[in-house]
Amino acid sequence: MVRWQWVFLPLGILVGLGALLLLADALLRLYNLLALVSPLLAQVTVGIVAAVGLGAAGFGIYRLWPFLRPRRRRRQVQAPRRSEDAAAVNLLAIQRQVEQIQDHVARQALQQKALDLQAASTARPLTIAVFGVGSAGKTALINGLLGEPLGAVGAAMGTTQEPQSYPWAFPNSPKVLQMIDTPGIAEAGVAGTEREATARQIATAADLILFVVDDDLRQAEFTVLSTLMEMGKRVLVVLNKADRYVEADLDALLDHLRSRLVPPLSADDVVAVAALPQPLPRVGGGWLQMQPNLLPLQTRLADLLRQEGETLMADNLLLQTQQIGDAARQLIDDQRQTQAEAIIDRYQWLGAGAIAMTPLPGLDFLATAAINAQMVVELSQVYGCEVSLEEGKALALSVAKTLTGLGFVKGTLDLLALGLQTNLATVVAGRALKGASGAYLTRIAGKSFVEYFRQNQSWGDSGMGAVVEQQYRLNQRDALMKAFVKEAVTRIVPIVQGS
């Protein structure tokens, strides 16, 4: 109970007791007066009055009780601290979102993704995607880490055509690991683009990415790497073919790479290796094949698995549930947008017909606010908001006043006049212009309400005027105006000619 209720409660009790004493005295006087005529009549009358009084008192207590009773404090829902718990919460939210999607194919696809994630969260290996441009030495790196030549290596771009998975028992790691060799990115041709799409999909789903380069980052590599890091993917950048550089040049190149990537990566997340060193000439002839140097990467992987091994998979699971949730929200938003467009289209021509049939002395857009009120109610239902017809009227009137105050009514008349008058006779054009202008302004109002409901019934920091003005400007594009004028001629002229 808040302070003001405690202050007025004693006063209310005193007033109530006084009223009860006065009522008792009045009833006693009434009873004595009627008893002189008929005791039975006195008893019945006093009983009826007492019953009415008790009923009124009970009704009053019933209506006041919500204000007098102590309010329960809302339990503050704490955000899950562990990634696994947050992912579970996201999966439940996704199930509720997916139920709202009307497209059967899209709904089933998202449901299947959520089910796959839920099943994978219990028992699966930690996946490491080896990712990068073709010929950077991804397959050679995997062969070196696994200790056996499992994949073909070559200088040509596109040596790895399809993704290949290999189990990996990393020393002193309790987790089962799975290495995935991905096709190269930034390859030419349609086939190269398709392979890159496959590689990106694998990298997006992996728990850890080894991003392999053989020189400074090219623009295509940097763009892809930035996208992965912005998504929240855990990445190690592996500079392969380090044997090509003298020590000073290698240190300079590593420093340059780290200057571009730290943060969000740490300096330890950029390492140099030589997965398949170039042969060195022997003294006296022949060639000497050097052993791979993968120690910097192996050391960093061991540290990473020890420090982050418990969270890598959980963080990736959380990230993937967020991505599915984003996809579901986008589908729902597109679905709502389509439904909202149909509602706006219907009401804009309803308003246009009303104005064209019963032309006003001047185009007073405020007069169409009553029509727009029902449009507001239907739009609110599309976006899951509760808006009554009275609230819809108030909102429609506010937007109508805003349109008028910003001078958009006159601007709309000028905007549509030329297009309509070049297509219609003068007499018909005048009435059609008013109807079309009403339709156009209803469209702007409807688009503004969509933004209002999309922002959880808020006009944003800049207010209603900014939203309305933005929608007015967006709908002035030439292609949209031409299409609108064409449809206005088709819909309004038969109404004007028939009235």
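Predicted model: local features only at pLDDT ≥ 70, side-chain atom pairs only at ≥ 80, totals over all residues.
User: What is omega for the peptide bond that joins Val-262 and Pro-263?
Analyst: Val-262 and Pro-263 are joined by a cis peptide bond. Its omega is about -20°.

User: What is omega for the bond from Pro-263 to Pro-264?
Analyst: This peptide bond is also cis. Pro-264 sits in the loop between α8 and β6. For the bond from Pro-263 to Pro-264, omega is near 15°.

User: What is the strand order of the open sheet?
Analyst: The sheet has 6 strands, and the pairing is mixed. The twist from one strand to the next averages 25°. The order is β2-β3-β1-β4-β5-β6.

User: Which strands stand at the edges, and why is one side of each left without a neighbour?
Analyst: An edge strand here has a single partner strand, so one of its sides has no neighbour in the sheet. The edge strands are β2 (164–168) and β6 (270–272).

User: Which residue of β6 stands opposite Val-238?
Analyst: Strand β5 covers residues 235–239 and pairs with β6 in the parallel sense. That pairing runs over 3 bridges. Opposite Val-238 stands Val-271.

User: What angle does helix α5 make with β3?
Analyst: Helix α5 (residues 138–146) packs on the sheet. It touches β1 (126–132), β2, β3 (177–181), β4 (208–213) and β5. The angle between the directions of α5 and β3 is about 155°.

User: At what angle to β4 does helix α7 run?
Analyst: Helix α7 spans residues 219–231. It lies across β1, β4 and β5. Its angle to β4 is about 165°.

User: Is Ser-135 buried, exposed or partly exposed?
Analyst: Ser-135 lies in the loop between β1 and α5. Its phi is near 70°, a positive value in a residue other than glycine. Buried means under 20% relative accessible area, and exposed means over 50%. Ser-135 has 26% relative accessibility, so it counts as partly exposed.

User: Is Lys-241 buried or exposed?
Analyst: Lys-241 is in the loop between β5 and α8. It is not a glycine, yet its phi is positive, about 65°. Its relative accessibility is 18%, so Lys-241 counts as buried.

Methods. Residues numbered from 1 in each chain as written. Heavy atoms only, no water. Pairing = 2+ DSSP bridges. Helix = DSSP H or I, 4+ residues; strand = E, 2+ residues; numbered from the N terminus. Axes fitted to C-alpha atoms, helices over the stretch in contact; angles between N-to-C directions. Contact = heavy atoms within 4.5 Å. Buried < 20%, exposed > 50% of the residue type's maximum accessible area, 1.4 Å probe, protein only.
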